[in-house]
Amino acid sequence: MNPGDRIRVDDGGTTHEGILLPSSSARSLVVKLDSGYNVGIDREDATVEVLESDVYDVDSGTTDETSAVEFDDDLPTIALISTGGTIASTVDYRTGAVTAQFDAEDVLRAVPDLAGRANYRGRVVANILSENMDPSVWQDLAAVVHEEVENGADGVVVMHGTDTMQYTASTLAFMLDTPVPIVFTGSQRSADRPSSDNVMNAVCAVEAAKADAAEVMVAMHATQSDDRVALHRGTRVRKNHTSRRDAFETVGAKPLGEVDYDTGEVTFRREYRERDEVELDVAPALATDVELVKFTPGMDLSVFEMMTGKSGLVVEGTGLGHVNTDAIDTIESLVDDGTHVVMTSQCLEGRVCDRVYDTGRDLLDAGVIEGEDMLPGTALVKLMWAVENVEDVREAMGRPLAGEIQERSVPWR
């Protein structure tokens, strides 16, 4: 039996039928089912019947050739930076899990539709799933993006896992003054799945990186169809679904723009910072002793006491920005000891206003900073950045630095 044969496999209770694929392990059989999905099966437990030989000419995947991307003077140069995640992942057939394995050049080979759209420079900052992201990787990423733009990149595409993409995009929006677009993209579904969104998201991210908006953006499916990608401002975006391809939304407004997949046309619907409007600069310092605490009814309020000595604390309060009144004295003690405490809301729409009810007024008297309509995660990374980079943290947290605070809270859905 050889790759490309159609086989039937019985693994002791379940029967699979499909095309045999090359395997990275001699212990595993990899079968592409008629549904388009792949399944890994332990050889020791499998009984195999070859139904038809050489149905497909399947390459073993080994080659002595090296990939090369030809340079075209008429095309812009886009830096492709990989941090891992599903868009740069493959299936580990030992476990059946999706693991981050591809580097930036692998992505170019995996997405041939990128050819002819730009000249590419590939960099790998990390090769991790996004749940393993931390501030040190954010700092490394900011340094690499700065270097690529300094060396002439006309735009940057960052490939990132979707689970924490909003945190990284927000962080870079505060760290970097950029004269070119920085576009984050990812994939909700891995490349081995028929419904994968990796190709469309990558192609549209490159088109956005060639466009005029010199901001940090997130490019992901606008709908469940393969028609267009939405461009979200990095400080206003939130992943609102675990698995849908259109999981990302701009909170409090419509997306900044969109990319038509068929035509590659980029359209913006709101004001944005234009190319070369600011000089390139980077301020990567972050305070790592900043925490985000979500208040819930009946919670152990000693959690706030555990924040003693921290540089900053973001509280995700209820409604207009409230917590149990029994926590206010502890919060006041934190502020008195030098901890910057910022109040945000668990609500998706509207803004914090602690002047309406007694609890809110007491929190203001305790020294809490109103987070306006900032998303809690965005407020977290902004506070991490502000503690290390500005003199007046309270003033900086109350005004927009990278589009994270909107002038008005209006219906947006």
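Where does E372 lie? I began my notebook with this residue and found E372 in the loop between β23 and α8. I keep in mind throughout that this is a predicted model.

**Entry 1: E372 and its backbone**

I looked up the backbone angle and got a phi near 55° for E372, a positive value in a residue other than glycine. I noted it since most residues other than glycine have a negative phi.

**Entry 2: the partner of E372**

Which side chain does E372 meet in a salt bridge? I found R351, at 3.4 Å from N to O. This pair links distant parts of the chain, with R351 in the loop between β22 (340-345) and α7 (358-365) and E372 in the loop between β23 and α8, 21 residues apart. R351 is partly exposed as well, with a relative accessible area of 22%.

**Entry 3: D373 in the loop between β23 and α8**

I moved on to D373, whose side chain meets that of R236 in a salt bridge of 3.6 Å, N to O. R236 sits in the loop between β14 (228-233) and β15 (237-239), and D373 in the loop between β23 (369-370) and α8 (376-389), so the pair ties together parts that are 137 residues apart in sequence. Are the two partners buried or exposed? I have R236 down as buried, at 3% relative accessibility, and D373 as buried too, at 6%.

Next I checked helix α7, where D358 and R361 both lie, three residues apart, about one turn of the helix. Their side chains meet in a salt bridge at 3.9 Å, N to O. D358 counts as exposed at 56% relative accessibility, whereas R361 counts as partly exposed at 44%.

I also jotted down a network: salt bridges that share partners join R6, R8, E17 and E49. My count for the model comes to 22 salt bridges.

**Entry 4: another positive phi**

What is the phi of D276? I read a positive value of about 60°, although D276 is not a glycine. D276 is found in the loop between β18 (266-268) and β19. With a relative accessible area of 63%, D276 is exposed.

**Entry 5: the second largest pocket**

I then turned to the second largest pocket, which holds about 390 Å³ of space. It is lined by 17 residues, and the closest to its centre are A173, D177, R273, L401 and A402. Which element gives the largest share of the lining? My notes say α3, with three residues. At least two lining residues each come from α3 (165-175), β11 (176-177) and β19 (281-282). By kind, I sorted the lining into 11 nonpolar residues, one polar and five charged.

**Entry 6: a nonpolar patch**

Last, I looked at the surface. Which residues form a nonpolar patch there? I found M1, V48 and V50, with about 220 Å² of accessible area together. V50 has its place in strand β5 (residues 47-52). V50 is partly exposed, with a relative accessible area of 37%, and that value matters here because patches are made of residues with over 30%.

Conventions: Residues are numbered from 1 along each chain as its sequence is written. This is a predicted model: local features need pLDDT of at least 70, side-chain atom pairs count only at pLDDT 80 or more; totals for chains, interfaces and linings use all residues. Side-chain values use heavy atoms; hydrogens and water are left out. Patches are made of residues with over 30% relative accessible area and no salt bridge: like charges are joined within 9 Å, nonpolar side chains (Val, Leu, Ile, Met, Phe, Trp, Tyr) within 5 Å. Accessible areas come from the Shrake-Rupley method with a 1.4 Å probe; for residues, only the protein chains shown count as cover. A salt bridge is a side-chain nitrogen of Lys or Arg within 4 Å of a carboxyl oxygen of Asp or Glu. Helices (H or I, at least four residues) and strands (E, at least two) are DSSP runs, numbered from the N terminus. Buried means under 20% relative accessible area, exposed over 50%, partly exposed in between (1.4 Å probe, protein chains only). On a 1 Å grid over the protein atoms alone, a cavity is a set of points where a 1.4 Å probe fits but cannot get out, and a pocket is an open set with protein on both sides within 12 Å along at least five of seven lines; lining residues have an atom within 4 Å of a point. Grid points are joined across faces, edges and corners, and a volume is the space filled by probe spheres set on the points. Ala, Val, Leu, Ile, Met, Phe, Trp, Tyr, Cys and Pro count as nonpolar, Asp, Glu, Lys and Arg as charged, and the others, Gly among them, as polar.
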